[in-house]
Amino acid sequence: MPPAPTHPPVRGEAPVEDDDHGGVCTPADRIHRRLDLLDAGLSRHDIDRAIGLGSLVRLRRGVYADAGTCEPRRRAAQHGGTLACVSAARHLGLWVLSPDDPLHVALRPHGHGHPHDDCTCIGHWDHDENDRFRPPPVHGILRQIFLCRGAEEFFVALESALHARKIGRAGLDWLTKNTLAVAREAIALARRDAESGLESLVRWRLRHLGLTVRTQVRIDTVGRVDLVIGDRLIVEVENHGSAEHRHRDLLRDARAAARGYITLRFDDALVVHDWETVERAIHAHVQRQLHLR
């Protein structure tokens, strides 16, 4: 692989520190092995008493969760590991394209899973933490998404992590060194100002057209818009539909038109499930050079 470039902080922002292990659930909520509890000084009576009081929950033989530990992390521990891939990203609040995907679990390369009732878990055998229940670092989660779901979903999650300040220069450098060329293309294209996965998805899918696409552009009397292609073609992507929002959007579009802009507006269903229609609409405007002044 070629030498990996470094990634300086975005202009105008303070440096971002990598969130090495993401903080799934809360820092205080943990998964425990029985042997670790005994090594920490608890007696068998203490453990049984904690289970009786509800402060510990038995997940399977020799594995326990603190009472506040969330259900996805408990299920991952039942399976023998911790949250991985899109499951870990979703749990961190990152944007992913597959909200109803089966649970993804990070497992040690030489370990084994523990199928449980109604188990549909997808294993990722790359977890190299000493503590198998410790969440992977954010850059590791993103690499899992790339290998499992492909470059498109990787790009969406990466821009979400950048916007949420969950990954910084060190994590980007690691990803650049440990992924393939298409992932490095995504890293080079990624920005910190994309406010939704739909924005990221549109920009990723338009990249091959060679267009100038700006994100989160502020226009006088209109406010911030999602994307501007060229000089004056606004693309807005959204997942709301109330009457109040609809009126606000019509007002914004009218004000944009008064300033010489053209607005195309798409909802999440079109962007995610009918991209061909979206691309045809954008391409028709570009062919007629309606994106230029």
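In this report, contact means heavy atoms within 4.5 Å. Helices (H or I, at least four residues) and strands (E, at least two) are DSSP runs, numbered from the N terminus. Axes are lines fitted to C-alpha atoms, for helices over the stretch in contact, and angles run from 0 to 180 degrees between N-to-C directions.

The model is predicted: local features need pLDDT of at least 70 and side-chain atom pairs pLDDT 80 or more, while totals for chains, interfaces and linings use all residues. Residues are numbered from 1 along each chain as its sequence is written, and side-chain values use heavy atoms, leaving out hydrogens and water.

**A sheet and its helices**

Let's begin with the open sheet, where 4 strands follow the order E7-E8-E9-E10 with mixed pairing; two strands pair if DSSP finds at least two bridges between them. Strands E7 (213-219) and E10 (262-267) stand at the edges with a single partner strand each, so one side of each has no neighbour in the sheet. On average, neighbouring strands are turned by 40° against each other, direction ignored. E7 pairs with E8 (residues 223-229) in the antiparallel sense over 6 bridges, and Ile219 has Gly223 of E8 as its bridge partner.

| Helix | Lies across | Angle |
|---|---|---|
| H9 (residues 197-206) | E7, E8 and E9 (233-238) | about 20° to E8 |
| H10 (residues 243-258) | E8, E9 and E10 | about 155° to E10 |

**A pair of helices**

Now look at H5 (residues 138-149) and H6 (residues 151-163), whose axes come within 7 Å and cross at roughly 160°. H5 and H6 are therefore roughly antiparallel to each other (the word applies to angles over 145 degrees). Among the residues making this contact are Leu142 and Phe146 of H5 and Phe154 and Leu158 of H6.

Is Gln144 buried or exposed? Gln144, found in helix H5, is buried, with a relative accessible area of 3%. Buried means under 20% relative accessible area, exposed over 50%, and partly exposed in between (1.4 Å probe, protein chains only). Leaving aside neighbours within four places in sequence, Gln144 is in contact with residues including His124, Asp126 and Arg149.

Arg143 is also found in helix H5, but counts as partly exposed at 26% relative accessibility. Not counting residues up to four places away in sequence, Arg143 touches Trp174, Leu175, Asn178 and Thr179. Arg143 and Ala183 are 40 residues apart in sequence, and their C-alpha atoms are 8.9 Å apart in space.

Definitions and conventions. Parallel < 35°, antiparallel > 145°, perpendicular 65-115°, else oblique.
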